[in-house]
Amino acid sequence: MRPGSIIYFLREAFKSLSRNRLLSIATISTVAISILILGFAVLLTINAGALMNYLESDVEIVAFLDNDLTKSQITDIKQDLTAITGVKSVNFVSRERALAKLQEKYGGNEYNLKETLGKNPLPNSYEIKAEDPHNVPQIAVQVKKIDGIYKVNYGQGVVERLFKVTRWVRVVSMVFIVLLVFAAVFLIATTIRLAIFARRKEIYLMKLIGSTDWFIRWPFFIEGIFMGAAGGLIAILILAAGYGSLISHMDALFFLPLVTNPGILSNVYISLLVCGAVLGVLGTWISLNKFLDV
Amino acid sequence: MLVQFYNVSKIYPNGVKALDDISLKIDRGEFLFLMGPSGAGKSTLVKMLFREELPTRGQIFLASRSIVRMKRGEVPRLRRNIGIVFQDFKLLENKTVYENIAFAMEVVNASSKEIKERVTEVINMVGLKGKEKSFPGELSGGEQQRVGIARALANRPLLLIADEPTGNLDIDTSNEIMELLFNINRTGTTVIMATHARELVKSAGKRVLMLEQGKIVADTPPGEIAL
Ligand SMILES: Nc1ncnc2c1ncn2[C@@H]1O[C@H](COP(=O)(O)OP(=O)(O)OP(=O)(O)O)[C@@H](O)[C@H]1O
Ligand SMILES: [Mg+2]
């Protein structure tokens, strides 16, 4: 490709953009709306994912120890626990510590649990976290087998249901996003087809004069990239403004943890921008090929 | 030989048999009229030459290269050797005379220097000097067809194809356009022209190919009176 052609392609692309102003605006709006919906779904998915991770990471095994164990027996048990595959951390909680926690959680400053109960009814325990929270039920079975542990608790039943729900949420949101992308491609291709249809005579003429397909395609692709990126940019600005204000009001609005990591968010926005440009090109490609078949 | 047709038939997808076993040779430098009633297959025949339509059966050669077996990617090169003049001119309304002609060279990737020289040259050739900046809407039919011819000539084609180039023009203007085509033919370009205009053909004394229902019914050499 000669440098002269690149200039020609750019000039043709922008001439066409301004000549078919109404259709260009229609296409940019279509992309903007598509990306806005898509971006909304992505942010929703990311936050749902973060919430799921948060809920899942909360899942832990509490192993209650017999009360008559010696110090060295307690350390041995810790070694046995650490040896189980898939265990991330093992944390000892003494009876005193357990009571203090309980006091903090339920007693507050109003009344003293220890005095009310007369004695400390709580056993020593280990809190066990798994590398992958999904393995908690299997690990719990192993933990139960260890001598000196009289009870294992991980929210049996509830945890299994939680995992079912989180898997479902993840699958549904992925399927939803894929469907959205398909709908966006279709919608954008349809709008771009109108713009190309308006120039079908010119394309036909170019073909008969002996222009190559790529020579005809390039200006349309540049136009598609530009319109896609412009639409994407508009959508991102709206999305970022909306989400930004949501984050700043979050404390007042929600008990849910919103994703605020600027690294993740800027990745989302950049991906959406690229997605807009790609949609523009894809829509152009789909719509244009039919007209090149002369 | 510039053009060779060997037993070419064309059946359109709707079942219409537009060409029926056509064999034909055209020499370099010839001027050929294609005549025949409406629906005889004249347009179909010329469309085969620039591969807008492919034959259902038979072989076609241009300058000894098979048009039928040619790959899709080779079609642009074939078309750059052929200039096409249309009945309805097919000018781009939003481009000036100059730009319409330059367009034909731009789309085949000519340099801007070549374009400037050649466009000026063909504008003079078709007698449109001074109209460079006019838009098609500001020109008469005859002038618009001159632009169409200039555009077809811009890339120095071996073969000029004109499908009813005078179909939309009055008799005087048609005669002027014919004169222009004869002049172009005199400089060595082979011309194939499909037409209904008997009077133009009669007075021209060129080779006339008569089509009826997709068959050649007469092939009259130059100098003899056809019809
Ligand atoms: N794209 C097409 N699809 C189907 N049938 C076609 C197509 N083009 C032409 N035909 C048919 O093929 C036959 C020959 O048409 P063609 O256009 O070649 O005739 P023609 O001699 O150029 O006629 P005219 O003098 O009216 O221009 C006609 O019956 C026409 O209806
Ligand atoms: Mg015809």
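How many residues of chain A are in contact with how many residues of chain B? In this predicted model, 22 residues of chain A are in contact with 22 residues of chain B, where contact means heavy atoms within 4.5 Å.

**View 1. The interface of chain A and chain B.** The two chains bury about 1900 Å² between them, 54% of it on carbon and sulfur atoms; buried area is the accessible area (1.4 Å probe) that two parts lose on being put together, summed over both.

**View 2. A salt bridge between B:Arg72 and A:Asp213.** The rule finds three salt bridges across the interface of chain A and chain B, each a side-chain nitrogen of Lys or Arg within 4 Å of a carboxyl oxygen of Asp or Glu. The side chains of B:Arg72 and A:Asp213 meet in a salt bridge, with 2.8 Å from N to O.

**View 3. The side of chain A that touches chain B.** The elements that give two or more residues to this side are α1 (3-19), α8 (200-209) and α9 (213-248) of chain A, and α8(A) gives the most, with seven residues. These helices are DSSP runs (H or I, at least four residues), numbered from the N terminus, whereas strands are runs of E with at least two residues.

**View 4. The fold of chain B.** The secondary structure of chain B comes to seven helices and ten strands, and the C-alpha trace of chain B spans about 45 × 40 × 35 Å along its principal axes.

Residues are numbered from 1 along each chain as its sequence is written, and chains are lettered from A in the order in which they are written. Local features need pLDDT of at least 70, side-chain atom pairs count only at pLDDT 80 or more, and totals for chains, interfaces and linings use all residues, while side-chain values use heavy atoms, with hydrogens and water left out.
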